[in-house]
Amino acid sequence: MATGFVRNLFIKRYLVIKEDGLTFRDMKLNIYPSQSFAKFLQKIAEKKSEEYLYKLGFEAGYDSSKIELENFGILKGNFPFKIETINLLLQVNGFGILDFKIYDPKNKKALGHITKNPVIEDGVKLFKSKSKVCSFFRGVYSAHAQLEFNLEGCQLTETRCVRNKDPYCEWSYGLKFEK
Amino acid sequence: MESNNTLNEMFLKQMFDVGESRVKFYDIPFVSYPARPMAITIQTLSKDFNDKELFELAKSLGSDIVNEISSQVEKLRKFLPDRLKSLFELFQICGFGKIGSIQIEEKSNRVKIFVTNNPVIDYSKQLYGENSKAGNFYCGLYSGILEKTNNLKILNLNKFKFTEKEYEFSNF
């Protein structure tokens, strides 16, 4: 994992305030306080569905991922710290920490734990077990997994979730679990 | 760093708590959403939410953002003599555009604002041209923000005009 020192350097180098807001390298960002954003996502899911929110997250994640690949050409390669670097980008964006427990792109299998996502945490604080906001981020991560983690066709499914009092959200791909 | 004022400096120094792997403004964690995907999200939402629903969704977001941030700005009052100006600077840093001038006729409750540097609207115009729905979304967002920041009873900005460099939002 990237150390705090490396992370600091990385962030200081690329995060800049410009006239149209915060930018990360050349990526123009909108930033939202986590609780407000959790309420926003919950309203969308309540009006439509969790599946809808997942698709919205996937669409946003797909375009974000394309921008990252345009801006950070190094991510296209297969260098040793690729996963850590992508993880770092996701962390800086406030999407939490992804800890891969299984990562097997050859056999299209993966399982990861997500922690410290402030929006998911606020969703659970606000809506308890009725929180639906993690679906959005599951969509975001599925898109990043397809484009950046080389997990072709990846659509993550939820196997554990903080809204059910699990210590993390667990998302997987290509694995079967007994119910 | 191109912007150079007290709040921005404080913001930059305090905002990024790398130890906890999250973007923070004092005690408030933030999530970032690149502007281009946000433009795409708004357009997708506009296919499934009618104009009124999209407006209300954005208005609640604006109102919630003010509630969440202003308590923190309040705590910093002694460093930030002009609370309203500070809030608007924060919104600009958040990527919601630079709210340049606000015209309020209190008697008739007529409000007109001029905004520049909103990257989501810029992308939306590039991607969708005249079919862009970002104007409707920001009518809602700015209505939610201004209702709270300027203590307006009910504000529903429902008209917008985009020119090359400036966006105009009003309720008349």
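1. Packing of α2(A) against α3(B). In this predicted model, helix α2 (residues 34-47) of chain A packs on helix α3 (residues 51-75) of chain B at an angle of about 160°, and the two axes lie 8 Å apart. Axes are lines fitted to C-alpha atoms, for helices over the stretch in contact, and angles run from 0 to 180 degrees between N-to-C directions. Helices (H or I, at least four residues) and strands (E, at least two) are DSSP runs, numbered from the N terminus. α2(A) and α3(B) are therefore roughly antiparallel to each other, a term applied to angles over 145 degrees, whereas angles under 35 count as roughly parallel, 65 to 115 as roughly perpendicular and the rest as oblique.

2. Residues at this helix pair. α2(A) contributes A:Q35, A:S36, A:K39, A:F40 and A:K43 to the contact, and α3(B) contributes B:L57, B:S60, B:L61, B:D64, B:I65 and B:E68. Two residues are in contact if their C-beta atoms, placed from the backbone, lie within 7 Å. By class, the contact of α2(A) with α3(B) holds four nonpolar, three polar and four charged residues. Ala, Val, Leu, Ile, Met, Phe, Trp, Tyr, Cys and Pro count as nonpolar, Asp, Glu, Lys and Arg as charged, and the others, Gly among them, as polar.

3. The side of chain A that touches chain B. In total, 41 residues of chain A are in contact with 43 residues of chain B. At least two residues of this side of chain A come from each of α1 (4-14), β1 (15-18), β2 (21-24), β3 (27-33), α2, α3 (50-71), α4 (82-92) and α5. By class, the side of chain A that touches chain B has 19 nonpolar, 11 polar and 11 charged residues.

4. Strand pairing between the chains. β3(A) pairs with strand β3 (residues 28-34) of chain B in the antiparallel sense, over five bridges; two strands pair if DSSP finds at least two bridges between them. B:V31 in β3(B) is the bridge partner of A:Y32.

5. Chain A contains six helices and seven strands, and 47% of its 179 residues count as buried. A residue is buried if 20 or more other C-beta atoms lie within 10 Å of its own, exposed if 12 or fewer, and partly exposed in between. In helix α5 (residues 118-127) of chain A, seven of the 10 residues are buried, so this helix is largely enclosed by the rest of the structure. The buried residues of α5(A) are A:P118, A:V119, A:I120, A:E121, A:D122, A:G123 and A:V124. After α5(A) comes A:K128, with a positive phi near 50°.

6. The sheet of chain B. Four strands of chain B form an open sheet in the order β4-β5-β7-β6, with antiparallel pairing. Its edge strands, each pairing on one side only, are β4 (98-105) and β6 (159-162) of chain B. β4(B) is joined by seven bridges to strand β5 (residues 110-116) of chain B, where B:K112 stands opposite B:Q103.

7. Residue B:I104. This residue lies in strand β4 of chain B and counts as partly exposed, with 14 C-beta neighbours inside 10 Å. Not counting residues up to four places away in sequence, B:I104 touches B:V111 and B:N150. The C-alpha atoms of B:I104 and B:N150 are separated by 9.5 Å, although the two residues are 46 apart along the chain.

8. Basis of the description. Residues are numbered from 1 along each chain as its sequence is written, and chains are lettered from A and ligands numbered from 1 in the order in which they are written. For this predicted model, local features need pLDDT of at least 70 and side-chain atom pairs count only at pLDDT 80 or more, while totals for chains, interfaces and linings use all residues.
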